[in-house]
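Hi there,

Here is the model I promised to pass on.

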Amino acid sequence: MPQFDVVTIGSVLRDMTMLTTQGQVFKTPGNVTAQRLIGFEYGAKIDVPLAYVGAGGGAGNAAVCFCRLGLRTAVISRVGNDAVGTTLKAELARQGVDHSRVQTDPNRHTALSSIIASAKGEYDHVAFVYRGASVGLRLGNGSLAGLRPRWFYLTAMTGEAWPHNLKIIFTAAARTGTRVAWNPGAEQISAGRRALERWLKQTAVLQLNKDEAIELALSGITLGKRNPRFLNRPLYLLNILSDWGPRYVVITDGARGAYAFHAGKVYRQKAQRRKQADTTGVGDAFGAAFVAGLQASRGDVPLALRWGTVNASSVLTKVGAQSGILTRAELAAQLKRLR
């Protein structure tokens with residue numbers, strides 16, 4: 001039996017979330033990769049009636065999710081030699097996550113994000129992220145030694161070493177038979193198909209939101225005179241990205257639900273209608289629960305989509321990336337009500 005079911009790799013950081021009703025959202029339908037913008041009065045002091053400080057980061061959020069769902073989990077990340085880094089590691093330990101492979105950077109502070117969240121409408125957010133120590137994450141040939149998990153779960157990676165890190169991870173995965181689930185970050189998506197295709201062919205689960213999927217798809221197709229707005233349809237995106245090699249392609253589309261493509265078949269799961277508080281961490285909650293559902297059901301895609309949707313909808317009801325993550329028992333109870 002492997003030591004861990006899942007090893008998550010990416011960032012852990014401190015989130016500060018500020019909710020306000022004063023932002024104005026503008027639709028920009030002519031820009032397919034940035035279809036809405038949020039604006040504030042220049043030079044104004046913006047009232048923030050509610051603020052929240054908590055743990056975040058893709059690898060940290062996913063690790064906590066896997067642990068609460070009953071999977072033995074470790075995280076690989078990098079923090080600063082500071083009080084915030086110490087606190088985040090203590091929080092991971094409290095949640096049951098093994099953090100023995102979290103690196104400590106002597107020169108950079110622990111990463112943090114300042115999140116401006118809408119307190120009206122769709123309750124979406126914009127995050128300003130200081131990557132800090134995360135940019136220094138570099139895996140050596142021995143970084144994954146002794147690890148034979150069932151899954152590597154990759155989140156956004158940053159810094160110059162990310163292509164090197166991907167090579168280390170996928171080489172280890174091929175050697176040990178570990179499956180890879182991947183939610184690539186902005187730097188990976190910007191690098192485009194040519195830079196990622198080698199690794200996409202080895203990916204078991206590729207998980208993106210629709211905006212990310214559009215940006216990645218545009219890096220690998222020729223539009224000619226065709227209007228790129230056709231990419232707003234998840235079906236096109238699923239087919240494009242599945243041709244690049246991943247065994248499962250999963251795309252989330254906010255209130256419209258989630259879609260998956262596997263073995264030539266498209267699956268859809270409607271979103272749950274719940275009172276929303278904050279969208280921070282929702283993608284991590286969905287992706288981790290989807291993979292946990294696949295693992296638990298031995299490949300039942302509709303069930304995995306339900307796991308992801310239920311967990312994500314719970315996170316939506318709480319402020320903070322990890323506040324609403326469900327335990328296995330809580331998830332089971334909510335799944336019964338979903339039937």
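In these notes a residue is called buried when its relative accessible area is under 20%, exposed when that area is over 50%, and partly exposed in between (1.4 Å probe, protein chains only). This is a predicted model, in which local features need pLDDT of at least 70 and side-chain atom pairs count only at pLDDT 80 or more, while totals for chains, interfaces and linings use all residues. Residues are numbered from 1 along each chain as its sequence is written, and side-chain values use heavy atoms, with hydrogens and water left out.

**Cysteines**

How many disulfides does a search of the whole structure find? The count is zero, taking a disulfide as a pair of cysteine sulfur atoms within 2.5 Å. Cysteine 65 is in no disulfide, and the nearest cysteine sulfur to it belongs to cysteine 67, 9.7 Å away. Cysteine 65 is buried, at 0% relative accessibility. Cysteine 67 has its closest cysteine sulfur in cysteine 65, and because that distance is 9.7 Å, it is too far for a bond. Cysteine 67 also counts as buried, with a relative accessibility of 15%.

**The sheet**

Helices (H or I, at least four residues) and strands (E, at least two) are DSSP runs numbered from the N terminus. Two strands pair if DSSP finds at least two bridges between them. As a reminder, strands of a sheet pair through backbone hydrogen bonds, either parallel or antiparallel.

Here there is an open sheet of eight strands with mixed pairing, in the order S6-S1-S11-S12-S13-S14-S15-S16. Its edge strands, each pairing on one side only, are S6 (73-76) and S16. From one strand to the next the twist averages 15°. Angles run from 0 to 180 degrees between N-to-C directions, and axes are lines fitted to C-alpha atoms, for helices over the stretch in contact.

Within the sheet, S14 (residues 248-252) and S15 are antiparallel partners over five bridges. Isoleucine 251 stands opposite tyrosine 259 in S15.

Helix H3 (residues 162-176) touches strand S1 (6-9), strand S11 (151-154) and strand S12 (179-182), and its direction makes about 160° with that of S11. Helix H5 (residues 210-218) touches strand S13 (205-209) and S14, with an angle of about 110° between the directions of H5 and S13.

**Salt bridges**

Side chains of opposite charge can pair when their charged atoms come close. A salt bridge here is a side-chain nitrogen of Lys or Arg within 4 Å of a carboxyl oxygen of Asp or Glu, and the whole structure has eight of them.

- Arginine 78 pairs with aspartate 105, with 3.0 Å between the closest N and O atoms. Arginine 78 is in strand S7 (residues 78-80) and aspartate 105 in strand S8 (residues 103-105), so this pair ties together parts 27 residues apart in sequence. Arginine 78 is buried at 15% relative accessibility, and aspartate 105 is buried at 2%.
- Arginine 94 and glutamate 91 meet at 2.9 Å, N to O. Both lie in helix H2 (residues 83-95), three residues apart, about one turn of the helix. Arginine 94 is exposed at 59%, whereas glutamate 91 is partly exposed at 24%.
- Arginine 256 bridges to aspartate 253, the closest N and O atoms being 3.9 Å apart. Arginine 256 is exposed at 54%, whereas aspartate 253 is buried at 8%.

**Loops to look at**

Most residues other than glycine have a negative phi, and most peptide bonds are trans. Alanine 263 is not a glycine, yet has a positive phi of about 50°. Alanine 263 sits in the loop between strand S15 (258-262) and strand S16 (265-269), and is exposed at 69%. Arginine 298, also not a glycine, has a positive phi of about 60°. Arginine 298 lies in the loop between helix H7 (282-297) and helix H8 (301-316), and is exposed at 83%.

Threonine 280 belongs to the loop between S16 and H7 and is buried at 5% relative accessibility. Leaving aside neighbours within four places in sequence, threonine 280 is in contact with residues including Asp15, Thr17, His125 and Gly320.

Best wishes

Terms used
Contact = heavy atoms within 4.5 Å.
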